[in-house]
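Thank you for making time this morning. I would like to walk through one model with you, so please keep the picture in view while I talk.

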Amino acid sequence: MAYSDKVVDHYSNPRNVGSLDKSDESVGTGLVGAPECGDVMKLQIRVDEASGMIEDAKFKTFGCGSAIASSSLATEWVKGKTLEEALAIRNTDIVKELSLPPVKIHCSVLAEDAIKAAISDWKKKHGTNGG
Amino acid sequence: MAVRNPIYMDNQATTPVDPRVLEAMLPYFKERFGNAASRNHEFGWKAEEAVERARKQVADLINASPREIVFTSGATESDNLALKGVAEMYQEKGNHVITCVTEHKAIIDSARHLEKQGVRVTFLPVGKNGMVDLGELEAAITDKTILISIMTVNNEVGVVQDIREIGRVARARGVLFHTDAVQAVGKIPFDVDAMNVDIASLSAHKMYGPKGVGAIYVRRRNPRVLLSPILDGGGHERGMRSGTLNVPGIVGFGEAARIAGEELPVESARLLALRERLRTKLEENLDEVFVNGDLERRVPGNLNMSFAYVEGESLLMGIDDIAVSSGSACTSASLEPSYVLKALGVGEDLAHTSIRFGLGRFNTEEEVDYVTDKVTATVRRLRELSPLYEMVREGIDLKTVKWAAE
């Protein structure tokens, strides 16, 4: 299986690897996937409540190169966006950007789920769980 | 330190053709291109002579008579012929076959094919070490059992079954015993008489011979085994396998067998030392790594290891100048994790983290050291990326986590 250059790039130079403080009020944490499936993504966002903008994002992923690339890209994309803009990110955008083959599309779906899960977690903390 | 780039360490998948084997084959592509079945001219006679010489070389490797060796297109065909050929020939005697869950797909799918035709098949489980339980085998035999098929060495984890004992049990109950010996022959001593084997599948490309040629050993005495052919045609190979013989391939197979037999004692000791060097260094460098399958009852060149919290395909990507394989779902065409590891009770999470290293004749100590360093560095890097490793280091028991799986 040949990887696209972008997948290789994200794998070799992943953006925003790391962790934010889960207990911090401004942080939302999404944890999706399962070890038995071979894919687990943790994606965290730090949101500025006043502006509703995502100031920072970090990720950690257990999964194949495409999964790592999808979640790395997701953190790049959500930074500087509002929550609504981040919620609008579709897995198909990720597929296109990374040229993911059909067999790897589910990696992009998981990344989209991770974004939504992180946002949902932040909203729960702030009593505004519109989902 | 000069290591080849890329390094090939996937010798269970296939092996490079030994230069000596290639040399032996070339004339049979060039001047000696005759059909071995052409009885009336020198082109045919020379080809036939070469085939018969190779037949003896293959037979000698497994302590059989040349008349008991039938050449095929490979072990998949031999496995098909063993199961289907016995089932059809002995259908009056019975319709029950016993095999094992960790067999190669060529056996499992042939067995499933037989099931569709009304044959009952028992798939014996294996223990955590990958071994078939002799008591369970014995208990499974009925008066309708016509064949037991258990592979000698498993291709994924390298575990060696107790073939001699299985054969003894089969003999005592009057049941034919077939073994897929593909990963065993040329790597460990294999003797069809000492091991009570009635039928065996062999493959050239797993022992530094060419692809596209293999053989099936079919016992002629005590008992005499008969097989219904699965290929009809000119009646070649005593009617058991029609089709013009792949003369150059067979010549290569013979030469590969000769070399394997001669070099086995020295080579297997060398490979064992290399394997242990790889294993112990990785275990020293990294925590939470696990060998899959029995370490003692194992073919020397195989090391199947799980690297917890790091997914297999991502590990392979990080060692992209090293050729190995993985039991991860992402690396399989079916997106299922390895069924062999599953049968050994390796949890799916660890199956996804498994790498199979297959050391062989052309691997060196320098290569092993390079691989050890590269794998160590990549695992460490990927563990920094791994949410699972992070959770474990925080003291979380992953088994208690409720995962929001897709």
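This is a predicted model: local features need pLDDT of at least 70, side-chain atom pairs count only at pLDDT 80 or more; totals for chains, interfaces and linings use all residues.

How many bridges join strand 10 of chain B to strand 13 of chain B? There are five, between residues 302–307 of strand 10 and residues 354–358 of strand 13 of chain B, and these two strands run antiparallel. Residues are numbered from 1 along each chain as its sequence is written, and chains are lettered from A and ligands numbered from 1 in the order in which they are written.

Within that pair of strands, B:Leu303 stands opposite B:Phe357 of strand 13. Strands and helices here are DSSP runs numbered from the N terminus, with at least two residues (E) for a strand and at least four (H or I) for a helix, and two strands pair if DSSP finds at least two bridges between them. The open sheet has four strands in the order 9-10-13-12 of chain B, with antiparallel pairing, and its edge strands, each pairing on one side only, are strand 9 (289–291) and strand 12 (325–326) of chain B. Helix 7 of chain B, residues 247–285, packs on this sheet and touches strands 9, 10 and 13 of chain B, its direction making about 15° with that of strand 10. Contact means that C-beta atoms, placed from the backbone, lie within 7 Å, and axes are lines fitted to C-alpha atoms, for helices over the stretch in contact, with angles running from 0 to 180 degrees between N-to-C directions.

Helix 7 of chain B also meets helix 2 of chain B (residues 42–61), where the axes come within 8 Å and cross at roughly 35°. This crossing is left-handed, a term used when the near helix is turned anticlockwise from the far one by less than a right angle. Among the residues making the contact are B:Ala54 and B:Val58 of helix 2 and B:Phe253 and B:Ala257 of helix 7 of chain B.

Turning lastly to domains, whose bounds come from an automatic or database domain assignment, chain B is given domain 1 (7–12 + 264–400) and domain 2 (19–259).

Notes:
Two residues are in contact if their C-beta atoms, placed from the backbone, lie within 7 Å.
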